[in-house]
Amino acid sequence: MTRLFGTNGVRGVVNETMTIDLATDLSRAIGTFFGGGKVAIGCDTRTSGDMLKSASVSGLLSVGCCAVDLSTVPSPTLQLEVKNGDYSGGIIITASHNPPEFNGMKCVDSEGMEMDKAGEEAIEAIYFSKHFHEVGWEAYRNHEKKVDAVDNYISSILKNVDAKSVKRAGLKVVLDCANGAACFSSPRLLERLGCEMVLLNEVPDGTFPGHNSEPIPENLTELMEVVTGSDAVLGIAHDGDADRSIFVDEKGNYVPGDKSMALVAKRIVEERSGGLVVTPVSSSSCVEEAVTGSGGEIRYTAVGSPIVARVMKATDAVFGGEENGGLIFPEHQYCRDGGMAAAKVVELLALSGEQLSSLLQEVPVYHNVKNKVHCPNEIKSGVLERLSRELEGKEVDTTDGLKVLYTDGWVLFRASGTEPLFRVFAESKSQGRAKELADEGVRIIADLIESRKKGS
Ligand code: MG
């Protein structure tokens, strides 16, 4: 069956592949899947947000749902509202970190978690069959507006950090809202935590005049410069829908997401004298080493935040996340949460009294190399089978793709779920060895793809 949902919902260029027809029919499918009830709906700051949200509201109302419009909110704000309220689920109109011409839809279950694969497949089946639960005139309901979701979200975060100690520390931070949904939440949150703030790109604007909304180094040059030129102890950046946080240390250095995740994981495990941390199999070993070195355990999952969140819930994990800055704090909610991550790192600085650059010295250094190799979708599974045979006798983790474990590093081969390519990631404590493992991995997979194309 054709798939609509990728790793994080449905995405496309607005009025090309992400149209109001798609938004309406997908929302009818989602409402039919939920079987009615209240459905929370919200969007990020993209220029197409209102247009697609209106289409989605119409779709939900046509199948007898009551749409509750939260307006423009971070994804984790909507997820917390659904978790704490009497909802069948939620729909978030967002394309996260994609360029401004994109938008998308993400579906949330009644517990506020991103929908699992089985749920998405059931919704897709309804969408393609067009068997919507259309109701008669007597069952239509009006949609409602709800304005206090961000207030409730901020209050919940404040309950889950040592707000008093953070306030006492009076930290100065530079916050880059990326003109995204974080504009509505993070400045208010950090103000409540007593932080002195320098704000960048704090005006909601879906044209993203400051920079594109992916928090990668090339988009955060202004943030790094402002931190460097000030006495701020931290720089914080969010992606477009504020479910991720990336940090800049007091010297203005970009902190890769695997390092901030490892540091937060280490602290949480130390505080609790152990506990399980969950992360995808593609994450850096610096997280595992930081966790196990502090008496905790690591559990690897397939790639995708909905999977990480569900495994965390099933195993009663103390923490989890992805190395793109998407961190999950179970005491708050089972989803990536940029505001909660920012509050936790600010708390960590306040409680330790140390600078972020020196705290990061506790995180083991690993080097990784990430490559892509083009591969037609139809031969991916055959190539993976052949690769599995070639790797016989080696230690291989099959959680997601094939991860070959060596004493001094690893190589992960994964077929992309959305694009015609294989991803080849390699990691080692030695930069030279990481490159050697990556080059070798690319050569092996490229040879297998070529021979498969020739039908041998
Ligand atoms: Mg995002």
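Which residue forms a salt bridge with E270, and how far apart are the closest N and O atoms? The partner is K266, and the closest N and O atoms of the pair are 2.7 Å apart. Welcome to this structure, which is a predicted model.

**The magnesium site**

- Four residues coordinate the magnesium ion: S96 through OG, and D239, D241 and D243 through OD, at 2.0 to 2.2 Å.
- Along the sequence, these donor residues follow the spacing S-x142-D-x1-D-x1-D.

**Salt bridges**

- Side chains of opposite charge can pair when their charged atoms come close.
- The count of salt bridges in this model comes to 40.
- E270 and K266, the pair from the opening, sit four residues apart in helix α9 (residues 257–271), so about one helical turn separates them.
- Within that pair, E270 is partly exposed, with a relative accessible area of 33%, whereas K266 is buried at 13%.
- Another salt bridge joins the side chains of R433 and D408, at 2.9 Å from N to O.
- This pair links distant parts of the chain, 25 residues apart: R433 is in helix α15 (residues 431–453), and D408 is in the loop between β18 (402–406) and β19 (409–415).
- D408 has a relative accessible area of 36%, and therefore counts as partly exposed.
- Helix α15 also holds both E440 and R443, which are three residues apart, about one turn of the helix.
- E440 and R443 form a salt bridge in which the closest N and O atoms are 3.2 Å apart.
- Both partners are partly exposed: the relative accessible area is 38% for E440 and 43% for R443.

**A positive patch on the surface**

- K164, K167, R168 and R192 gather on the surface in a patch of positive charge.
- Helix α6 (residues 163–169) gives the most to this patch, with three residues.
- K164 is found in helix α6, and its relative accessible area of 65% makes it exposed.

**Loop residues worth a look**

- Most residues other than glycine have a negative phi.
- F208 is not a glycine, yet it has a positive phi of about 50°.
- You can find F208 in the loop between β8 (196–200) and α8 (221–228).
- F208 counts as buried because its relative accessibility is 5%, and buried means under 20%.
- D316 is not a glycine either, and it has a positive phi of about 55°.
- The loop between α11 (305–315) and β14 (319–321) is the place of D316.
- D316 counts as exposed because its relative accessibility is 63%, and exposed means over 50%.
- V363 lies in the loop between α13 (356–359) and β16 (367–374), and it counts as buried at 3% relative accessibility.
- Although V363 and K259 are 104 residues apart along the chain, 6.6 Å separates their C-alpha atoms.

Conventions
Residues are numbered from 1 along each chain as its sequence is written. This is a predicted model: local features need pLDDT of at least 70, side-chain atom pairs count only at pLDDT 80 or more; totals for chains, interfaces and linings use all residues. Side-chain values use heavy atoms; hydrogens and water are left out. Patches are made of residues with over 30% relative accessible area and no salt bridge: like charges are joined within 9 Å, nonpolar side chains (Val, Leu, Ile, Met, Phe, Trp, Tyr) within 5 Å. Accessible areas come from the Shrake-Rupley method with a 1.4 Å probe; for residues, only the protein chains shown count as cover. A salt bridge is a side-chain nitrogen of Lys or Arg within 4 Å of a carboxyl oxygen of Asp or Glu. Lys and Arg count as positive and Asp and Glu as negative; His and the chain ends are not counted. The place of a charge is taken as NZ of Lys, CZ of Arg, CG of Asp or CD of Glu. Helices (H or I, at least four residues) and strands (E, at least two) are DSSP runs, numbered from the N terminus. Buried means under 20% relative accessible area, exposed over 50%, partly exposed in between (1.4 Å probe, protein chains only). Donors are N, O and S atoms within 2.8 Å of the metal (3.2 Å for Na, K and Ca); water is not among the atoms, so sites may look incomplete.
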